[in-house]
Amino acid sequence: MMTAIGLMSGTSLDGVDVALIETDGERVAALGPTGYRPYTDRERGLLREALAEAVNLTRRDARPGVIGEAERAVTMAHAEAVEAFVAENRIAREDIDIVGFHGQTVLHRPAQRLTVQIGDANALAKAIRVPVMHDFRAADVAAGGQGAPFVPVYHRALAQSQRREGPVCVVNIGGVSNITYIDGADTLIACDTGPGNALLDDFMLRVTGQPFDGEGRLAAQGRPDADWIAHALQHPFFAQSPPKSLDRNDFASLPLPDMAPAEGAATLTAFTAAAIARVVPLLPRPPESWIVAGGGARNPTMLGMLREGVAPASVESAEALGWSADAIEAQAFAYLAARGLQGLPLSYPSTTGVPVPMTGGVIAKP
């Protein structure tokens, strides 16, 4: 068994999640402590500028202007997150076998075989004095895969510990939503389903000045615009069979008409739920249960809308099962780092569309 720490900074741009697990790269023996280091307003603003600039990138190693500045900020934030985490939990560095570092995605264009995650793994390894595995997605995308989602193998390890009958869907609602469909030991299917919290968060920031709709309170006061949602669901992405993946900004060109803040929040929340439910006809069998992780798991309005969309299947939060809704992706990258050390597959034809099961990751040493 290895002690692995995972780091995740997602498309919602909220901050750095940290998690420790014990694993051999196949079984998860124990879930350890978790931590969180929020981005400052300045860092978040820098990342938004970097996202806007990244659309012009043609090389995955290019770091012009503000993108280079953002990379330095991301690296420092991750170093601070690890330092605080090991100090708070009294973890000796020599007891940590590997740190899995995802970095911050600023561009994801798998059709062009281009995916860009910023964060300097060599600088991070030197700062924290522990080996760091990074660049998880590059090999998959270079081989023609979607490079996302990458968490399904970890979802499968967790779901197998539940010993549930029938198909199970684990859905992660971050900036983008993605699902992992698990049916027994042999069937593992994954894909992005559409916007997660990204459209809603951007709307809330623009209209209310708040970074997100806390507990779905604003959306709960509004009525979704069913016509707008029906039109939005005509986007060709929703008819594509898995595997498929998205960039955070792929749906930014779907502007809402003028409407009250509560109606806008309700519409975008309902759109996220409807987009997730839209994947059901594309799966081998309808899932009997749904387990929700990510920021969306803390939004009762969104969960209620999802329950309506996937009925009669059950819908429950990851935390109800003792999982961490917030840290599940950080745990996943700890798990992926351990798998990468063993040379085990991180992605499969049925999860990313890669031609053959692929391992991945690059090690940076202190």
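1. Start with helix 2, residues 65-88: its 24 residues at 1.5 Å each should span 34 Å, and the end C-alpha atoms sit 35 Å apart, so the two figures agree. The expected span here is 1.5 Å times one less than the number of residues. Helices (H or I, at least four residues) and strands (E, at least two) are DSSP runs, numbered from the N terminus. Just past helix 2, Arg 90 has a positive phi of about 50°.

2. A word on ground rules. This is a predicted model, in which local features need pLDDT of at least 70 and side-chain atom pairs count only at pLDDT 80 or more, while totals for chains, interfaces and linings use all residues. Numbering runs from 1 along each chain as its sequence is written, and side-chain values use heavy atoms, with hydrogens and water left out.

3. On to charge pairs. Taking a salt bridge as a side-chain nitrogen of Lys or Arg within 4 Å of a carboxyl oxygen of Asp or Glu, the count comes to 15. Have a look at Asp 135 and Arg 60, whose side chains meet in a salt bridge at 2.6 Å, N to O. This pair links distant parts of the chain, 75 residues apart: Asp 135 is in the loop between strand 6 (132-134) and helix 4 (138-142), and Arg 60 in the loop between helix 1 (41-54) and helix 2. Asp 135 has a relative accessible area of 22% and so is partly exposed (buried is under 20%, exposed over 50%, partly exposed in between, with a 1.4 Å probe and protein chains only). Arg 60, at 33%, also counts as partly exposed.

4. Asp 24 and Arg 27 form a salt bridge too, with the closest N and O atoms 4.0 Å apart. Asp 24 is partly exposed at 22%, whereas Arg 27 is exposed at 52%.

5. Arg 37, Glu 43 and Glu 80 are joined in a network of salt bridges.

6. Now the inside. A nonpolar core means buried Ala, Val, Leu, Ile, Met, Phe, Trp, Tyr and Cys residues joined through side-chain atoms within 4.5 Å. The largest has 81 residues, and Ile 179, Phe 271 and Trp 290 have the most contacts inside it. Helix 9 (residues 261-277) gives the largest share of this core, 10 residues. A second, separate core of 41 residues includes Ala 62, Ala 81, Ala 121 and Ala 125.

7. Back to Trp 290: leaving aside neighbours within four places in sequence, its contacts (heavy atoms within 4.5 Å) include Cys 169, Ile 179, Ile 276 and Val 310.
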